[in-house]
Amino acid sequence: MTGAEALARRDQLVETYAAVFCAPPWNESAERAARFGELLVDWAGQPGFVAVLAGEDDRTVTGFALGLDTPTPFPADRAYGGVRNILGPAVQPLSGWLEVAELAVRPDARRTGLGRRLLATLTGDRPSWLLTVTEVEGTLAFYDAAGWLRQGAGYGITIYTNRPLPTPTRTA
């Protein structure tokens, strides 16, 4: 879906976000779910935004994956600063890669392969990266099992890529 198509389903996406992240083990607040709705509006207007949704009908979103192009140069604001601090100069190749902004699967649809399918459909063959919190049990195991590569951790986050980061070349 494009940004406009995703925004047309904003209420459903926020509802699914709340069902996923306001429940254990995430335990986010209702305010955080509302903030997700605001972020969705921002993301939907960014270059390269794409959304992949799954559901039984047009009224229910069982799961979704959202992504957008990472700006060049790599930003330093918001969570990007933490990623920059963790990866150092290795962060530069992520500019232009697809950033997986959000992946959510309702609790009753977990362990069915839906999360992996959403992630694979979103990223396709594009170089992609994401960050996730380290303290939620099962999250790191999910990305590890999906074949994503841990690139670094700190500040309560772990950074993953779907391919190795390029090795910097040295000039003489």
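Me: In which loop does T134 lie?
Reply: This is a predicted model. The strand β4 covers 128-133 and the helix α6 covers 139-145.

Me: Is T134 buried, partly exposed or exposed?
Reply: Buried means under 20% relative accessible area and exposed means over 50%, with partly exposed in between. The relative accessible area of T134 is 31%, so this residue counts as partly exposed.

Me: Leaving aside neighbours within four places in sequence, with which residues is T134 in contact?
Reply: Contact here means heavy atoms within 4.5 Å. With the neighbours within four places in sequence set aside, the contacts of T134 are L140, G156, I157 and T158.

Me: How far apart in space are T134 and G154, C-alpha to C-alpha?
Reply: In sequence, T134 and G154 are 20 residues apart. G154 belongs to β5, which covers 149-154. From C-alpha to C-alpha, the distance between T134 and G154 is 8.6 Å.

Me: What is the phi of Y155, and where is Y155 placed?
Reply: Y155 is not a glycine, yet its phi is positive, at about 55 degrees. Strand β5 covers 149-154 and strand β6 covers 157-161. Y155 is placed in the loop between β5 and β6.

Me: Does Y155 count as buried or exposed?
Reply: The cut-off for exposed is over 50% relative accessible area. Y155 has 62% relative accessibility, so it counts as exposed.

Me: What is the relative accessible area of N27, a residue with positive phi?
Reply: N27 is a residue other than glycine, and its phi is near 55 degrees. It is found in the loop between α2 and α3. N27 is exposed, with a relative accessible area of 51%.

Me: Which peptide bond is cis with omega near 5 degrees, and which with omega near -5 degrees?
Reply: P25 lies in the loop between α2 (10-21) and α3 (30-44), and P73 in the loop between β2 (63-69) and α4 (80-87). The cis bond with omega near 5 degrees runs from P24 to P25. The cis bond with omega near -5 degrees runs from T72 to P73.

Me: In what order do the helices and strands of the protein chain run?
Reply: The protein chain has six helices and six strands. From the N terminus on, their order is α-α-α-β-β-α-β-α-β-α-β-β.

Me: Why is the protein chain described as being as compact as a globular protein of its length?
Reply: The globule rule gives 16 Å for 172 residues. The protein chain is as compact as a globular protein of that length because its radius of gyration is close to that figure, at 16 Å.

Me: What share of the residues counts as buried, and what share of the contacts with a separation of 6 or more joins residues 24 or more positions apart?
Reply: Of the 172 residues in the protein chain, 42% count as buried. Among contacts with a separation of 6 or more, the share from residues 24 or more positions apart is 62%.

Me: How far apart lie the centres of the positive and negative side chains?
Reply: The protein chain has 16 positive side chains and 19 negative ones. The centres of these two sets are separated by 6 Å.

Notes. Residues are numbered from 1 along each chain as its sequence is written. This is a predicted model: local features need pLDDT of at least 70, side-chain atom pairs count only at pLDDT 80 or more; totals for chains, interfaces and linings use all residues. Side-chain values use heavy atoms; hydrogens and water are left out. Helices (H or I, at least four residues) and strands (E, at least two) are DSSP runs, numbered from the N terminus. The radius of gyration is taken over C-alpha atoms; the globule rule is 2.2 Å times the number of residues to the power 0.38. Buried means under 20% relative accessible area, exposed over 50%, partly exposed in between (1.4 Å probe, protein chains only). Lys and Arg count as positive and Asp and Glu as negative; His and the chain ends are not counted. The place of a charge is taken as NZ of Lys, CZ of Arg, CG of Asp or CD of Glu.
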